[in-house]
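Here's a quick briefing on a protein–DNA model. Have a look at the structure first, then read on.

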2 protein chains.
Amino acid sequence: MIHLDYRDSRPIYQQVKDNLRRMMVTGVLNAGDKLPSVRALASQLSINPNTIQRAYAELEAEGYVVSVTGKGNFVAEGDTQNQARRQELLAKMRPMMEELKALGMTAEEFAVLWEGGKDDAASK
Amino acid sequence: MIHLDYRDSRPIYQQVKDNLRRMMVTGVLNAGDKLPSVRALASQLSINPNTIQRAYAELEAEGYVVSVTGKGNFVAEGDTQNQARRQELLAKMRPMMEELKALGMTAEEFAVLWEGGKDDAASK
DNA sequence: ATAAGTGTATTAACACGATTAATACACTTC
DNA sequence: GAAGTGTATTAATCGTGTTAATACACTTAT
């Protein structure tokens, strides 16, 4: 079941996306399952259908969902999901890694980081 | 010399930051050098002193600059610069790496990525 | 074929946050 | 104490992201 939190600063469509993604990853929803129609889900959550549409569209772009005009939205195959999501994350990380290289970071340091690097998080 | 481009969508303070950082990294400015005062630089670029102040403040937070009230802003030591910039980048990357782990990405795959991974960039 | 369901596209209103400005305060040096 | 420096606070402004309103296109079943 999807639950929205209006005190959360994150946009609605993002909350919907995360809810659905979690349900798909955890097996609450399985490949091939039909998702609620944009209007049905919008009505159920008392929000605009376009907001659901946006969530579905982005999930499709990420490979989690397959949309078919006139029929509905369906959960994509698991492998497809992972592949697409990986590409997305890696695309974001690549430029940062380039700069880290330029700053002299070594492959060894990076390997350590992948494990569970203990650093002070100096986020602004 | 700092040059601003008002057709650029990036904010002024960001352009100032990048200009200064580049000058420091390329050796046009060296550790210990005194930077122009916030008012002087603002006047020279015909912008508000607060904008320069913000640029300097963020560069200081990133370890590139040291500010001393009443005296001025100075270029920090090179090592400090790198350390701070690394921390910043790693802080951004960490959550992404966490998700990649959850998606089943292995240390080996990641090591390859560090080298020069050949992928299609599926940026939306 | 037509109605009722589905997803999609376009446009506009709205709100919030980032950016910049205005102004006053605090410190250092001469 | 005057003239330089950085700092803090507040407010105005402007963009952009988010959501809504509405119309369009496709599929299925009656």
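Helices (H or I, at least four residues) and strands (E, at least two) are DSSP runs, numbered from the N terminus. On that basis, chain A has five helices and two strands, and they come in the order α-α-α-β-β-α-α. It's a predicted model, so local features need pLDDT of at least 70 and side-chain atom pairs pLDDT 80 or more, while totals for chains, interfaces and linings use all residues. Residues are numbered from 1 along each chain as its sequence is written, chains are lettered from A and ligands numbered from 1 in written order, and side-chain values use heavy atoms, with hydrogens and water left out.

**Overall shape of chain A**

- The radius of gyration of chain A is 18 Å, whereas a compact globule of 124 residues would be near 14 Å; the value is taken over C-alpha atoms, and the globule rule is 2.2 Å times the number of residues to the power 0.38.
- Along the principal axes, the C-alpha atoms of chain A fill a box of roughly 55 × 35 × 25 Å.
- Of the 124 residues in chain A, 38% are buried (under 20% relative accessible area, with a 1.4 Å probe and protein chains only).

**Helix α4 of chain A**

- Helix α4(A) covers residues 78-102, and its 25 residues reach 36 Å from first C-alpha to last, close to the 36 Å expected (1.5 Å times one less than the number of residues).
- There's a bend of about 30° at Met93(A), with Pro95(A) following within four residues; the bend is the angle between axes fitted to the seven residues ending there and the seven starting there.
- Buried residues in α4(A) include Arg85(A), Leu89(A), Met93(A), Met96(A) and Leu100(A).
- Just after α4(A), Gly104(A) has a positive phi of about 95°.

**Around DNA strand C**

- There are 22 residues around DNA strand C, and Arg39(A), Ile12(B), Tyr13(B), Asn48(B) and Asn50(B) come nearest (a residue is near if one of its heavy atoms lies within 4 Å).
- Sugar and phosphate make up 65% of the atoms of DNA strand C that come within 4 Å of the protein.
- By class, this surface has five nonpolar, 13 polar and four charged residues.
- α3(B) supplies the largest share of the surface, three residues.

**Contacts with DNA strand C**

- For Asn73(A), a polar side-chain atom lies 2.8 Å from a phosphate oxygen.
- Asn48(B) brings a backbone N or O atom to 3.1 Å from a phosphate oxygen.

Technical notes
A polar contact is a pair of N or O atoms within 3.5 Å; within protein, one must be able to donate a hydrogen and the other to accept it, and residues adjacent in sequence count only if both atoms are side-chain atoms. Ala, Val, Leu, Ile, Met, Phe, Trp, Tyr, Cys and Pro count as nonpolar, Asp, Glu, Lys and Arg as charged, and the others, Gly among them, as polar. Buried means under 20% relative accessible area, exposed over 50%, partly exposed in between (1.4 Å probe, protein chains only).
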